Amino acid sequence: MTILTLGLNHKTAPVATRERLTFGPDVIVGALRSITEQTPADEALILSTCNRMEVYCALDGSGGDVAIREWLGEFHGLEPQLFAQHLYHHQDRDAVRHLLRVASGLDSMVLGEPQILGQVKQAFQTANAAGGTGRMLGKLFQHTFSVAKQVRTDTAIGSSPVSVAFAAVSLARQIFSDLSQQTALLIGAGETIELAARHLHQHGIGRIIVANRTVERAHGVAQQFDGYAIALTELSNHLPEADIVVSSTASPLPVLGKGTVERALKKRRHRPVFMVDIAVPRDIEPEVRDLRDVYLYTVDDLQGVVDQGMRSRQQAAEQAQEIIDLHTEEFMAWVRSLDAVSLIQDYRSRAEYTRDSLVERAQRQLAAGKPPEEVVCQLAHLLTNKLLHSPSVRLRRAGREGRNELLAAANELFQLKVENDRSR
């Protein structure tokens, strides 16, 4: 069975491309069923975040990448040539290694960021509940979680508080030197927004407002940091209060348009606003960037800020890679063992069939009155001949043909002493 990964991320595709291939929570289950029905994939899992979209599959044979690429285009209503150049393709060992790197934070925009492991776990839970995972992907992802945990425990990859959210807050501190006088409006209530709220609170932000479609979830985040929760429908009323706006929702459409921001700026008398759009698809219309007194950054723009905090993690990343390489080979050894398991099962089934047929024959002979000693001896003789006939014929043929490698394999397999026997 082949393990296949097809995807794109912040390194290979701009945000405009990534947002066209994203899978929202409302379509994931349908997509998983679709891919296993319409492509050669027997098992499938979809990982879709702000910075990446990846499809993990297990299938018989190879060549499934073409079918999955075409499926991606059909599912999103896009011609494959519009995104094919941004896709990467990994198979078997490379696919395993890639997944371990992703889950350990080594392939993230922010090296070593911890959020991705939770996202991978959620993707697995969704796929597992939808029946998309089986023996291969089930084993692979459980192995992945164990390795990612070891990387976190045995290296300093996550010791620095660096993430996209932290990068956004760092940039805000450069624009507003004293955050205690500023109001932050956070749109969304997920992990990224909670992390941004935590960093802002730690750096003494004056006031936090959390807006979300579900006010209860917004309140759950806001109360941790002495904030105030509002519904998304109240956004335009509170936007003029905001000096800092960080948005990360799962909305398929922008939640802030140019007109809304323009009206807020007038009420603010054009005091500057720092905006960070972490969402994919984008929450803030790109045209907002053209407005005066607005500093709008997307996840791609944060790359430079993130890079400054990454140098301290490089040594830890090298140590993590050694762990990943070791466990990649460990998993591939398990995959290779599946072939042996199947072979052993077939061999045992044949032997058991032979045994059962000869036992039935012996029972008939006993029922007919044959002496038990004679039946037992004949059973042992026939069973030995039946089991050894085919291997013996092939070993004799290998000897005549000079196929010493087969003789050596038989010697090791059956723990024989062929060379010693020849010398006697």
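1. The lining of the largest cavity is made up of eight nonpolar, seven polar and two charged residues. The model is a predicted one, and this should be kept in mind throughout. The volume of the largest cavity is about 250 Å³. It has 17 lining residues, and those closest to its centre are Asn-51, Glu-113, Gln-115, Gln-119 and Val-164. Two or more lining residues come from each of helix 5 (115-129), helix 7 (164-175) and helix 8 (191-202). Helix 5 has the largest share, with three residues. In total, the structure has three cavities of 30 Å³ or more.

2. At least two lining residues each are supplied by strand 2, helix 3, helix 5 and helix 8. Helix 5 again deserves mention, as it gives the most to this lining, six residues. By class, 16 of the lining residues are nonpolar, 18 are polar and six are charged.

3. The second largest pocket holds about 870 Å³ of space. Its lining has 19 residues, with Tyr-347, Arg-350, Pro-391, Leu-413 and Phe-414 nearest the centre. The elements that contribute two or more residues here are helix 13 (314-367), helix 14 (372-401) and helix 15 (404-414). Helix 13 provides the largest share, eight residues. This lining divides into 13 nonpolar, two polar and four charged residues.

4. Four strands form an open sheet in the order 2-3-1-4, and their pairing is antiparallel. Strand 2 (43-48) and strand 4 (88-91) are at the edges with a single partner strand each, so one side of each has no neighbour in the sheet. From one strand to the next, the twist averages 15°. Within this sheet, strand 1 (residues 2-9) pairs with strand 3 (residues 52-59) over eight antiparallel bridges.

5. Helix 2 (residues 28-38) lies across strand 2 and strand 3, and runs at about 140° to strand 2. Helix 3 (residues 64-76) packs on the sheet and touches strand 1, strand 2, strand 3 and strand 4. The direction of helix 3 makes about 40° with that of strand 1. Helix 3 and strand 2 also supply residues to the lining of the largest pocket.

6. Which strands stand at the edges of the parallel sheet? This open sheet has six strands in the order 7-6-5-8-9-10, with parallel pairing. Its edges are strand 7 (228-231) and strand 10 (294-298); each has a single partner strand, so one side of each is left without a neighbour in the sheet. Ignoring direction, neighbouring strands are turned by 15° against each other on average. Strand 5 (residues 183-187) and strand 8 (residues 244-247) pair in parallel over four bridges. Ile-187 has Ser-247 of strand 8 as its bridge partner.

7. Helix 7 touches strand 8, strand 9 (273-277) and strand 10, and its direction makes about 165° with that of strand 9. Helix 9 (residues 215-222) touches strand 6 (207-212) and strand 7, with its direction at about 160° to that of strand 7. Helix 7 is also one of the elements that give two or more residues to the lining of the largest cavity.

8. Last, the chain as a whole. Its secondary structure comes to 16 helices and 10 strands. The radius of gyration is 31 Å, whereas a compact globule of 424 residues would have one near 22 Å. The C-alpha trace spans about 110 × 45 × 45 Å along its principal axes.

Technical notes. Residues numbered from 1 in each chain as written. Predicted model: local features only at pLDDT ≥ 70, side-chain atom pairs only at ≥ 80, totals over all residues. Heavy atoms only, no water. 1 Å grid on protein atoms, 1.4 Å probe; cavity = no way out; pocket = protein on both sides within 12 Å on 5 of 7 lines; lining within 4 Å. Points joined across faces, edges and corners; volume = space filled by probe spheres on them. Nonpolar A, V, L, I, M, F, W, Y, C, P; charged D, E, K, R; others polar. Pairing = 2+ DSSP bridges. Axes fitted to C-alpha atoms, helices over the stretch in contact; angles between N-to-C directions. Contact = heavy atoms within 4.5 Å. Rg over C-alpha atoms; globule rule 2.2 N^0.38 Å.
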